[in-house]
Amino acid sequence: MSSKPDASRPRAADTKKVHIADTQMTRQNWYKHVNWLNVTFIIGIPIAGCIQAFWVPLQLKTAIWAVIYYFFTGLGITAGYHRLWAHCSYSATLPLRIWLALVGGGAVEGSIRWWARDHRAHHRYTDTDKDPYSVRKGLLYSHLGWMVMKQNPKRIGRTDITDLNEDPVVVWQHRNYIKVVLTMGLIVPMLVSGLGWGDWYGGFVYAGILRIFFVQQATFCVNSLAHWLGDQPFDDRNSPRDHIITALVTLGEGYHNFHHEFPSDYRNAIEWHQYDPTKWTIWTCKQLGLAYDLKQFRSNEIEKGRVQQLQKKIDQKRAKLDWGTPLDQLPVMEWDDYVEQTKNGRGLISIAGVVHDVTDFIKDHPGGKAMIKSGLGKDATAMFNGGVYYHSNGAHNLLSTMRVGVIRGGGEVEIWKRAQKENSEYVRDETGQRIIRAGQQVTKMPEPIPTADAA
Ligand SMILES: [Zn+2]
Ligand SMILES: [Zn+2]
């Protein structure tokens with residue numbers, strides 16, 4: 001996205017020298033670290049434009065033209081540089097390729113060849129040191145810093161651009177880049193408003209310089225904001241995010257989490273109500289016969305990604321909850337010992353072979369103190385499962401947090417075995433947490449028990 005693509009690239013003879021970017025920045029050498037050409041193009045000229053805007057009046061026609069040209073040149077980057085050339089997400093006829101190479105050049109963000117090469121490295125090595133604009137180095141770095149400061153081009157990850165070298169439009173634009181920039185960046189916007197309504201200077205300042213500034217900043221937001229602000233509905237292992245604000249600023253490139261997962265999809269927004277004018281443009285070009293072979297991921301694959309990410313979020317939530325001590329970690333109690341302890345005043349209740357300490361819960365029992373007390377020191381499995389009251393799923397969940405032991409011996413052996421079997425058959429999530437679904441608690445009997453002989 002600098003205006004001179006290979007400015008910082010070493011010549012063959014220089015390759016053995018230590019690159020300035022790999023040396024410590026000091027008070028003496030800091031200016032050598034700065035890429036002054038880029039500073040001029042992305043900071044100096046816009047400031048000059050802002051200053052001139054103070055005495056150049058903005059005419060309505062020029063303002064409208066500047067906005068229209070903003071969209072043309074911005075779409076040159078998003079529909080052309082990005083989705084067509086960097087990602088090959090559709091094919092374009094020669095006239096469309098020429099148009100996109102021209103208006104894309106008018107955005108002053110480097111040649112297609114240079115831009116797409118770095119962008120492919122960004123996708124391949126996202127968030128690593130080989131990512132040319134990694135957000136891990138700071139938001140400002142991913143927005144501007146990577147262009148303002150010199151970078152060692154050898155650090156940036158390798159990518160294959162043989163397909164781009166075979167596209168005559170790309171090669172022509174790269175060779176004639178400065179001419180394209182001057183013509184499409186400044187001369188054309190000035191000519192239109194000059195010949196159209198006599199506003200030469202306004203066309204130069206507003207549709208030229210300041211429009212370039214806004215298009216550049218918008219694109220830089222894809223590298224910074226889209227890796228920093230928003231949700232991660234498809235994968236959260238890397239930094240790309242989805243956000244409507246980024247989409248509004250970048251002609252629809254703000255659904256960046258989706259884009260990094262499915263980069264060869266010509267869409268960034270997959271819902272009809274989401275803002276993606278780049279997608280609408282490509283689709284319209286298809287209707288006009290200018291674009292074809294629009295690539296789209298199957299919604300089955302997209303939904304899989306979404307479900308997996310949801311699952312991960314659910315696992316994280318589940319891990320924070322108290323599900324009670326796992327059965328296999330509970331101490332084993334003799335039946336007689338269990339009965340003995342309740343006689344001594346401890347509020348123990350055995351349900352499905354699991355002993356629960358409900359001492360502190362007796363006073364809060366929704367069915368009353370008397371009811372719960374009647375089960376203490378007994379096998380209350382049937383009482384709890386419908387014999388007296390058919391307890392809710394919530395009650396089983398709460399009960400599980402009060403577990404203190406497992407009964408051995410007597411009629412409870414079978415229940416204990418069943419509990420053990422269930423325990424070994426619990427589904428576990430990827431972090432090893434047991435997944436206990438509603439109605440699957442060990443204290444829960446499959447069917448309500450109608451008669452209350454346990455009481
Ligand atoms: Zn990205
Ligand atoms: Zn991309």
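Which residue takes a positive phi in the hairpin of strand 4 and strand 5? Keep that in mind while we get set up. You're looking at a predicted model, where local features need pLDDT of at least 70, side-chain atom pairs count only at pLDDT 80 or more, and totals for chains, interfaces and linings use all residues. Residues are numbered from 1 along each chain as its sequence is written, while chains are lettered from A and ligands numbered from 1 in the order in which they are written.

**Stop 1: residues 330-408**

Select residues 330-408, which an unreviewed UniProt entry lists as "domain: Cytochrome b5 heme-binding". (UniProt positions follow the numbering used here, feature names are shortened, and annotations may be inferred rather than shown by experiment.) This stretch is 33% helix and 22% strand, and its end C-alpha atoms sit 12 Å apart. Helices (H or I, at least four residues) and strands (E, at least two) are DSSP runs, numbered from the N terminus.

**Stop 2: the hairpin**

Now pick strand 4 (residues 348-351) and strand 5 (residues 354-357): they run antiparallel, joined by four bridges. Strands count as paired if DSSP finds at least two bridges between them. Click on serine 350 and you'll find its bridge partner, valine 355, in strand 5. The hairpin has two residues between the strands, and here's the answer to the opening question: alanine 352, with a phi near 55 degrees.

Look for valine 354, standing opposite valine 406 of strand 6.

**Stop 3: helix 3 and helix 9**

Jump to helix 3 (residues 60-86) and helix 9 (residues 177-197), whose axes come within 11 Å and cross at roughly 150 degrees. Axes are lines fitted to C-alpha atoms, for helices over the stretch in contact, and angles run from 0 to 180 degrees between N-to-C directions. So helix 3 is roughly antiparallel to helix 9 (under 35 degrees counts as roughly parallel, over 145 as roughly antiparallel, 65 to 115 as roughly perpendicular, and the rest as oblique). Show Lys61, Thr62, Trp65 and Tyr69 of helix 3, which meet Pro189, Val192, Ser193 and Trp197 of helix 9; contact means C-beta atoms, placed from the backbone, within 7 Å.

**Stop 4: helix 3 and helix 10**

Residues to show at the contact include Ala66 and Gly74 of helix 3, plus Gly203 and Phe214 of helix 10.

Note on methods
Two residues are in contact if their C-beta atoms, placed from the backbone, lie within 7 Å.
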